[in-house]
Amino acid sequence: MTSISRLRADHAEALLAFERENRAYFAASVPDRGDDYFAAFAERHRELLAEQDAGLHHFHLIEDDDGGVLGRINLLGVRENSAELGYRIAEKAAGRGLATWAVRQICALAVREYGLTALRAETTLDNTGSRAVLAHSGFEPLEDVMFGDRPGRRYVLDLSGDAPPAR
């Protein structure tokens with residue numbers, strides 16, 4: 001069974017393996033994290049956990065039955081009862097509805113556990129998979145933007161009503 005768990009210190013090794021395994025795949029649709037990210041991973045992981053403990057962000061892993069990392073799903077920049085949604089799904093798990101499932105789960109968690117009333121998201125226009133996930137999850141287009149030389153779009157989801165169903 002697939003599950004979502006809050007990021008912990010003992011996730012570091014599995015998370016680093018996930019990022020290395022999928023680096024080229026991710027770089028095809030989002031800017032590459034760069035070599036420094038991997039070289040300083042342990043330190044950065046500790047910093048992220050400290051930021052999470054301070055309530056600035058809520059980081060999560062999507063895991064399979066064996067604790068293998070299938071993806072990440074995060075709520076970033078928490079302020080005024082809102083946060084930015086970010087996610088990455090492993091190449092081996094892509095195209096099977098996992099991202100849509102995870103977004104619905106995190107929306108319910110955002111309301112229930114973190115008291116959030118809105119989520120923001122953004123993606124490039126050429127990332128059709130991510131755009132479909134956001135549309136299927138109820139996100140509304142807000143504005144078109146540029147990410148460097150790539151056209152993109154910002155989205156918003158109002159969570160102030162009932163929490164979206166976690167299917």
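Me: Which residues of α5 are buried?
Reply: A residue counts as buried when its relative accessible area is under 20%, as exposed over 50% and as partly exposed in between, with a 1.4 Å probe and protein chains only. In α5 the buried residues are L98, A99, T100, A102, V103, I106, C107, A108, L109 and A110. This is a predicted model, in which local features need pLDDT of at least 70 and side-chain atom pairs count only at pLDDT 80 or more, while totals for chains, interfaces and linings use all residues. Residues are numbered from 1 along each chain as its sequence is written, and side-chain values use heavy atoms, with hydrogens and water left out.

Me: How many residues does helix α5 have, and what span does it reach?
Reply: Helices are DSSP runs of H or I with at least four residues, strands are runs of E with at least two, and both are numbered from the N terminus. The expected span of a helix is 1.5 Å times one less than its number of residues. Helix α5, residues 98–112, has 15 residues and reaches 21 Å from its first C-alpha to its last, close to the 21 Å expected.

Me: What is the order of the strands in the open sheet?
Reply: Two strands pair if DSSP finds at least two bridges between them. Here seven strands form an open sheet with mixed pairing, in the order β1-β2-β3-β4-β5-β7-β6. Because β1 (3–6) and β6 (140–147) stand at the edges with a single partner strand each, one side of each is left without a neighbour in the sheet. Further in, β5 (residues 118–124) and β7 (residues 150–158) pair in the antiparallel sense over seven bridges, and R120 stands opposite V156 in β7.

Me: How should I read a pair of aromatic rings?
Reply: Such a pair is described by the distance of the centres and the angle of the planes. Rings of Phe, Tyr and Trp (its six-membered ring) pair if their centres lie within 6.5 Å, and planes under 30 degrees apart count as stacked, over 60 as edge-to-face and the rest as tilted. The count comes to four aromatic pairs. The rings of F18 and F26 have centres 5.5 Å apart and planes at 55°, so this pair is tilted. Y37 and F41, by contrast, form an edge-to-face pair, with 5.7 Å from centre to centre and 80° between the planes. F18 and F26 are buried, as are Y37 and F41.

Me: Where does the charged end of R88 sit?
Reply: A charge sits over a ring if NZ of Lys or CZ of Arg is within 6 Å of the ring centre and within 35 degrees of the ring normal. The charged end of R88 sits over the ring of F26, 4.6 Å from its centre, and R33 lies over the face of Y37, at 4.6 Å from the ring centre.
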